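The stops below can be selected one after another.

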Amino acid sequence: MSLARTKAGSPLNGVVEGFYGRPWTLRQRRALIDWLHQAGLNAYLYAPKDDLKHRALWREPYTRSEAAGLRAVADACRERGVQFIYAIAPGLDLAAAKPNETATLIAKLDQVRRLGASHCAILWDDLPAGLSQEDRRVYGTVAAAHCAVANRVAGALERDFPGCRLLFCPTVYCGRMAKPSVPQSPYLREVGEKLRPGIEFLWTGPHIVSETIPANSIRALRRVVGRKPILWDNLHANDYDSRRLYLGPYSGRAPALRQEIGGVLLNPNCQFEANFIPIHTLGAWCQSARPPAARTAFRGATAAWLPAFTCRGGATLETDEIGLLADFFYLPCELGSRARAYVADLKRVLGAAPDRWGAVERRFEGTSRQILALCDKLTQLDDRDLLYALYPRVWELKETVLLLLAWIAWRRRAPNPKARFRSPDYRPGIFRGGFAATIERLLPMDDAGVFTPAVWAHSDE
């Protein structure tokens, strides 16, 4: 399929509020729009999964008070030169074969367009498999049904709101979901054939959370769907693991990728206040003729974030301390440089007798004390919303460091090299307890991504 049929549009670079969990508040969205403007980004895609009227109750129009909130967001976007894109996700129960269903969908989008939304999106992600009997009879396949609805919506928007762009998130939205492959995926091939050329296509990369996104993987996708995709980038998303937080830079995407895509919409941490570094480093990647290295952009964003860390009681934070914190909450598959060094020192300490620890132990304990002092300073932040966004993860970091220091103190004085460490502060069921921790022990995953039941290690079979 020729790439020439793609309808050109200016890149959309910014943030998608597209996570599962408590949606951001109006105050947070206004702050987000300020951040986007500061970072040179131009798009905000509204798609919080738990706005009931975005997904579960998509047919229902917004009430007067709800509409006022959306209008305020649209007004703030317009004032800052940011495109406000409203997304709707009707796929849980939409009956594609019934004309009144599409009419209801168009009416809902008409409401948000009149509230000030610049563009719209239809999301078909994370849906139950299959079609209703009637939709299967009329359309035959899921892809055909999705394209038919999107095409009718695009026609209505084109008629009533010239210049309004429509984005389309497919059910197969990453390479790993494409069976048997991206070039051979029946769903993607049919979308490429049937989706109107002007409709734009959202894609997360090789995986749902893609550590890297090679340019050649996007070129392969373009040959199938006939248009440049816009990345729905989950690099900093954390809704799939509530214990994680990602304060590292936008990375793993070579500058050459920018020529293959129609923009990047970053789906970041659920905790809004934690997203300063991800957003500002995305801006550096999108806007610079020669994007800085990820670590260089990280240092610049860390310094720019410093004013948010004013403290009560005379305590002050340094840029280096914010960088240290972020190194321990960096990216899904990567720790920051100082966290990596800390883990390397810990491995040396764990693998050697105390009389051989020497400078490694002193360095490890020094970093530990820096972490503990930083955790204490953070509790004094003037910006309590920022504190509470960080607090659960910071507290877990503090408890972990205290455990390590307790082990070192015990190991140093243990008379028997075969002795076992036990602490009254860390007990089974209390420390790292709960259902998820139990399952992790019963079905651990190794470094190759293979899950092997723990009971097999004790089996004769």
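Start with strand E5 (residues 166-169) and E6, which pair in the parallel sense over 2 bridges; two strands count as paired if DSSP finds at least two bridges between them. Helices (H or I, at least four residues) and strands (E, at least two) are DSSP runs, numbered from the N terminus. This is a predicted model, in which local features need pLDDT of at least 70, side-chain atom pairs count only at pLDDT 80 or more, and totals for chains, interfaces and linings use all residues. Residues are numbered from 1 along each chain as its sequence is written, and side-chain values use heavy atoms, with hydrogens and water left out.

Select Leu-167 next: opposite it stands Glu-200 in E6. To get from E5 to E6, the chain passes through helix H6 (residues 186-194) in a right-handed β-α-β crossover. Right-handed means that, with the strands pointing away from the viewer, the path from the first strand over the helix to the second runs clockwise.

In the loop between E5 and H6, pick Pro-180. The peptide bond joining Lys-179 to Pro-180 is cis, with omega about 0°. Most peptide bonds are trans.

Now select E6 (residues 200-203): Glu-200 and Leu-202 on one side, and Phe-201 and Trp-203 on the other, are all buried (under 20% relative accessible area; exposed is over 50%, partly exposed in between; 1.4 Å probe, protein chains only).

Pro-229 in E7 is the bridge partner of Phe-201. Helix H7 (residues 215-225) carries the chain from E6 to E7, again as a right-handed β-α-β crossover.
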